[in-house]
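Biologist: Can you take me through this one? I'd like to start with helix packing and then look at a pocket.

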Amino acid sequence: MRQLLRRPVLLAGLVVTLFLFLVALLSLVWTPYPPSKMNIVHKLKPPFEFGLLGTDQFGRDVASALMVGAWNSLSTALLAVAIGATIGTAVGTVVAMRRGWVEQIVMRGCDIIFAVPPILSAMMLGAFIGSGRFTAVIAIATFMVPVFARLTLAAARQIWTRDYVAAAVGMGRSKLKITFVHILPNISNQIIVQVTIQLGLAILTEAGLSYLGLGMPPPNPTWGRMLADSQTFLGQAPWLALMPGLAIAIAVLGLNMLGDGLRDLLDPRSTP
Amino acid sequence: MISILIRRILSLIVTLLVVSLLIFVVMDLLPGDPAAIVLGTSASPETLAALRTQMGLDQPLPVRYLAWLWGVFQGDFGQSYTYGVPVAGLIAERLTVTLPLALMAVLMSVGIAVPLGVQAAKKHNGMFDAVVGAVSYVSIAVPAFWVGLLSIILFSTLLGWMPAGGFPGWDAGLLAGLQALLLPAIALALPQAGVLTRVARAAVLDVMNEDYVRTARAKGLGEGAALWRHAVPNALVPVVTMIGMQFTFLIAGAVLVENVFNLPGLGRLAYQSLAQRDIVVMQDVVLFFSALVIVVNFLVDLLYLVIDPRLRVGVR
């Protein structure tokens, strides 16, 4: 606890992220109003006049939509990062085990995947299998695979040069066993830090995809689509464009702070 | 040096070929019949069959890939179904918007980031450093397309200084064109500037403790001169690298920002091709963007060799 108080960045990141998760979870059981319930009489009401944050063009409560949006955004990002991190870490550790031409090929492959922005792969996917959460998750996860593969390869390679690993090799332990006993536990901190930071990036990407209509379909509220819908009413109801963007920025900021704070705590050597 | 260059170029060509193959195969593997996607669900079987033949879909995959690749080499990217014009011309036309936009954004972000980063490093741990650090940290978390929306509210709706979007075309004059691209470029530049400021600051701090900077100061060069003559040029290497690494995000941002401001650029073309199910256009635009990212990173790699002679030996 005292550790935490001495690290304001970590503390702030933790508080914001926890708040985000709590709001997202709360939205599953309670929102001030049903988020997709239209109430034309109260359309385009500014904040505090109707509900906490006003209403949109159909009279839907903005605060409620933001809460459900938090869940939609966070769950999509979590799923995508979980898939990307799992596959990427597996690839990275296996390559670190084998090295040689396998490494060359896999790293080139990473360069190639990294060259296709997730927005474009989501468009390609969207044309064929339609847009939706599945498309968004696959597009973001695909982009995350090279990120984690590169990170784990670089980290694992360092551990493989350590004396205790050489000793384990000398004792005749299999490479797979060494990977599980020595390599993975030693690089897990770096992976955790990266997961946190990539979660922020995934939320940003998901927002962009939803803005373009490549995310979850209506009537599910997403932060990105709320921004897209707000564009028609920028003059009449600027708060509609303000709130979802603020939610995205705060969420990403919180996750970035948490990631950097965790890095300071868990992996002090690599602090820039 | 020459052998390194040749090896890099060969590797670039292989990478580009693999990317093109990957995009082609992925588009082919995805479920759904391209002809049906183009024509919609109400098309008769005869029309579908005719279009499939016209698109060459009755040919095996390798034949189609090679034919497409051969076309791309000759500058023939195929025909757009919705626009009824060659895709190559379409891309070239849209590039006249996207290229200046991206260039303006990169120049702006560097123009903001380098002075701020250098100044912050010079007075590091001071008040200025803290403020710059906080602002750049926050700007990284802000989506570029939201900055675009906010700037429309502020500069178009409230103040009425700028157009809320659209592009008059370069025929309307250089100034009108640049004015239409100004807000979108700012929206794209701000998050990038946040990243670059942090990189520039860290790089200058690193370099300032190097021996040659200390020597420069020892031989009587003023603090400012030592900084700008020796520290800054060296600190530019990581900044340039970061621009290369961020290029994917710049393109993703451009796709979004072009849609926010209704600019007829390449990103908007990609989006429209999705809405219109124009698969040929989409395939070409995705290939074009990906190739652009790869080539930019290749150039950054080359620039490295030019900037930093130490890297010319012992290349992997």
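Biologist: At what angle do helix H8 and helix H10 of chain B pack?

Modeller: About 135°, with the axes of helix H8 (residues 174-208) and helix H10 (residues 223-245) of chain B 8 Å apart. Axes are lines fitted to C-alpha atoms, for helices over the stretch in contact, and angles run from 0 to 180 degrees between N-to-C directions. Helices (H or I, at least four residues) are DSSP runs, numbered from the N terminus. This is a predicted model: local features need pLDDT of at least 70, side-chain atom pairs count only at pLDDT 80 or more, and totals for chains, interfaces and linings use all residues. Residues are numbered from 1 along each chain as its sequence is written, chains are lettered from A in the order in which they are written, and side-chain values use heavy atoms, without hydrogens and water.

Biologist: Which residues of H8(B) and H10(B) meet?

Modeller: Among them are B:Val199 and B:Ala203 in H8(B), and B:Ala231 and B:Asn234 in H10(B); contact means heavy atoms within 4.5 Å. The contact residues divide into 15 nonpolar, two polar and no charged. Ala, Val, Leu, Ile, Met, Phe, Trp, Tyr, Cys and Pro count as nonpolar, Asp, Glu, Lys and Arg as charged, and the others, Gly among them, as polar.

Biologist: Now the second largest pocket. How many residues line it?

Modeller: The lining has 27 residues, with B:Phe24, B:Met55, B:Trp68, B:Val280 and B:Gln283 nearest the centre. On a 1 Å grid over the protein atoms alone, a pocket is an open set of points where a 1.4 Å probe fits, with protein on both sides within 12 Å along at least five of seven lines; lining residues have an atom within 4 Å of a point.

Biologist: Where does the largest share of that lining come from?

Modeller: H4(B), with five residues. By class, the lining has 14 nonpolar, nine polar and four charged residues.

Methods:
Helices (H or I, at least four residues) and strands (E, at least two) are DSSP runs, numbered from the N terminus.
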